[in-house]
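Colleague: Could we go through this model together? I would like to begin with a pocket and then turn to the sheets.

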Amino acid sequence: MTAIDLNKYGITGTTEIVYNPSYEMLFEEETKEGLEGFEVGQNTELDAVNVMTGIYTGRSPKDKYIVMDENSKDTVWWTSDEYKNDNHPMSEEVWQTVKDIAVKELCNKRLFVVDAFCGANKDTRMAIRFIVEVAWQAHFVKNMFIRPTEEELKDFTPDFVVYNASKAKVENYKELGLNSETCVAFNITSREQVIINTWYGGEMKKGMFSMMNYYLPLKGIASMHCSANTDMNGENTAIFFGLSGTGKTTLSTDPKRLLIGDDEHGWDDNGVFNFEGGCYAKVINLDKDSEPDIYNAIKRNALLENVTVDAEGKIDFADKSVTENTRVSYPIDHIEKIVRPVSSAPAAKNVIFLSADAFGVLPPVSILTPEQTQYYFLSGFTAKLAGTERGITEPTPTFSACFGQAFLELHPTKYAEELVKKMEKSGAKAYLVNTGWNGTGKRISIKDTRGIIDAILNGDIKNAPTKTIPYFNFEVPTELPGVDPAILDPRDTYADASEWDAKAKDLAGRFIKNFSKYEGNEAGKALVAAGPQL
Ligand SMILES: Nc1ncnc2c1ncn2[C@@H]1O[C@H](COP(=O)(O)OP(=O)(O)OP(=O)(O)O)[C@@H](O)[C@H]1O
Ligand SMILES: O=C([O-])CC(=O)C(=O)O
Ligand SMILES: [Mn+2]
């Protein structure tokens with residue numbers, strides 16, 4: 001076993017280091033006698049362990065901080081009154097205090113240390129060292145990040161260190177001017193992340209994604225919250241942007257194509273590459289027949305989170321009593337059709353923006369002009385359903401720049417600039433795909449959406465007859481093979497088209513209002529004409 005010295009991080013008195021545990025070892029650790037509380041894992045009928053992640057079953061953006069220092073002060077896109085975001089500044093003094101809390105928590109313990117990579121390309125990847133107390137957190141990062149070979153581990157020198165002190169609390173947070181006892185802080189200069197009082201693994205996954213989003217665009221590489229796949233020859237690459245729940249994981253897992261990755265990618269002069277070594281799929285209401293590949297990926301070494309499991313290990317995927325955000329992480333090779341051995345492929349030819357529109361306004365597919373591409377990328381629209389089940393209340397519109405505002409460390413226009421450059425070079429076309437609702441009150445079926453995606457990827461959409469949708473000026477096909485023609489013009493899904501009209505005007509107004517934050521400069525102003533018009 002590689003000798004790891006934690007003293008240099010200030011972590012002293014370590015009783016044992018479990019270094020890069022094997023999957024067998026993780027299974028033993030997660031299910032061994034004597035574990036308590038949220039450390040307990042339970043094996044299930046699918047032979048994957050399920051864990052409860054604790055109070056936090058999702059990320060905590062209000063507790064996210066970045067150290068403001070000489071290096072970061074003029075580069076990071078800080079939150080401001082004009083444009084609020086999740087990049088809250090932290091002073092170097094407060095950073096030292098929270099780091100001390102984390103280090104103290106990790107002293108005199110038996111710890112798991114996982115060394116892994118973020119980024120499939122050797123020249124731009126980050127070597128990350130995760131120091132955690134909880135076995136399943138080690139399992140989560142082993143699944144989600146790129147697992148080094150024995151050879152790579154021999155001379156592994158971390159570029160970034162993550163101190164996960166999920167069991168600690170920032171007791172004096174008020175005094176420190178922080179939001180709560182929970183803290184997720186990044187130091188871009190010393191290249192460290194500190195996590196306190198949240199057990200949720202997504203803070204490590206999306207934390208390192210945020211760091212890639214900082215470092216890569218500054219090197220001229222696009223860094224994107226998207227899934228990606230390519231054809232069986234590894235030639236016709238597509239990327240799928242979208243906020244949570246819009247279908248990145250579902251639609252990129254396609255038995256006809258090779259998966260590159262389901263959530264985080266870079267795009268450099270050689271093409272599109274995955275940051276991750278695994279996938280993180282939603283499992284709420286997971287259906288074996290409509291999503292066989294994801295279902296079959298749930299086996300030994302996959303890790304379920306917050307799923308309801310009975311004493312015999314029987315899983316109830318329909319139960320959302322713990323959270324709607326039930327998940328499974330699995331190493332990417334649990335999916336059969338993937339790009340091997342490195343998760344990368346040539347530049348994308350098709351760029352798809354996924355939006356789950358709960359207003360029932362957006363067409364299921366729109367062909368975007370280059371200007372519309374920029375406008376809708378910067379807008380990053382999706383809608384969440386407020387009410388859970390019956391009696392749908394108000395849909396909640398979300399405008400999240402670049403379909404991933406929570407993870408952007410630079411100004412959104414920087415990501416748009418890099419994407420446009422790459423798209424121009426490869427001659428890529430962009431489409432806006434509504435995976436949400438229409439006038440029927442039902443969600444557009446996965447079958448119809450898959451038919452639309454197929455038509456984009458095999459070029460059928462280029463030969464389809466089209467029409468223009470008012471207010472948005474979207475060009476939409478009127479027929480596509482394998483897609484119900486009655487849904488392609490959203491107005492046709494309403495008993496009375498004037499209903500669509502009223503909702504469309506309302507949504508157009510929301511876009512216009514949201515976009516005003518980009519109108520401070522000439523480039524932003526120039527894009528207004530590409531957006532909805534009232
Ligand atoms: N037409 C549709 N297209 C895509 N997904 C759909 C559609 N209708 C229903 N769904 C459901 O919506 C969910 C999409 O979730 P998915 O995990 O693919 O989103 P995601 O974009 O990967 O989110 P995250 O960023 O949180 O991982 C799935 O549960 C899927 O079954
Ligand atoms: O990490 C994920 O896949 C879920 C996600 O996008 C988020 O954290 O908002
Ligand atoms: Mn996903």
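Colleague: How do the residues lining the second largest pocket divide into nonpolar, polar and charged?

Modeller: The lining divides into twelve nonpolar, six polar and seven charged residues. Here Ala, Val, Leu, Ile, Met, Phe, Trp, Tyr, Cys and Pro count as nonpolar, Asp, Glu, Lys and Arg as charged, and the others, Gly among them, as polar. Please note that this is a predicted model, in which local features need pLDDT of at least 70 and side-chain atom pairs count only at pLDDT 80 or more, while totals for chains, interfaces and linings use all residues. Residues are numbered from 1 along each chain as its sequence is written, and side-chain values use heavy atoms, with hydrogens and water left out.

Colleague: Which lining residues lie nearest the centre of the pocket?

Modeller: Ile146, Arg147, Pro341, Val342 and Ser343 do, out of 25 lining residues. A pocket is, on a 1 Å grid over the protein atoms alone, an open set of points where a 1.4 Å probe fits, with protein on both sides within 12 Å along at least five of seven lines; lining residues have an atom within 4 Å of a point.

Colleague: Which domains contribute to the lining?

Modeller: Domain 1 (7-36 + 60-219) and domain 2 (222-278 + 343-530) each supply at least three residues. The domain bounds come from an automatic or database domain assignment.

Colleague: Turning to the sheets, what is the strand order in the open sheet of eight strands?

Modeller: The order is β1-β6-β7-β8-β10-β9-β4-β5, with mixed pairing. Strands are DSSP runs of E with at least two residues, helices runs of H or I with at least four, and two strands pair if DSSP finds at least two bridges between them. The edge strands are β1 (16-19) and β5 (88-90).

Colleague: In which sense do β7 and β8 pair?

Modeller: Strands β7 (residues 126-132) and β8 (residues 160-165) pair in the parallel sense over four bridges. Isoleucine 131 has tyrosine 163 in β8 as its bridge partner.

Colleague: And what is the order in the open sheet of five strands?

Modeller: That order is β2-β3-β18-β21-β17, again with mixed pairing. Strands β2 (41-43) and β17 (278-282) each have a single partner strand, so one side of each lacks a neighbour in the sheet.

Colleague: How many bridges join β18 and β21?

Modeller: Three bridges join β18 (residues 303-305) to β21 (residues 327-331), in the antiparallel sense. Leucine 304 stands opposite valine 328 in β21.

Technical notes. Chains lettered and ligands numbered in written order.
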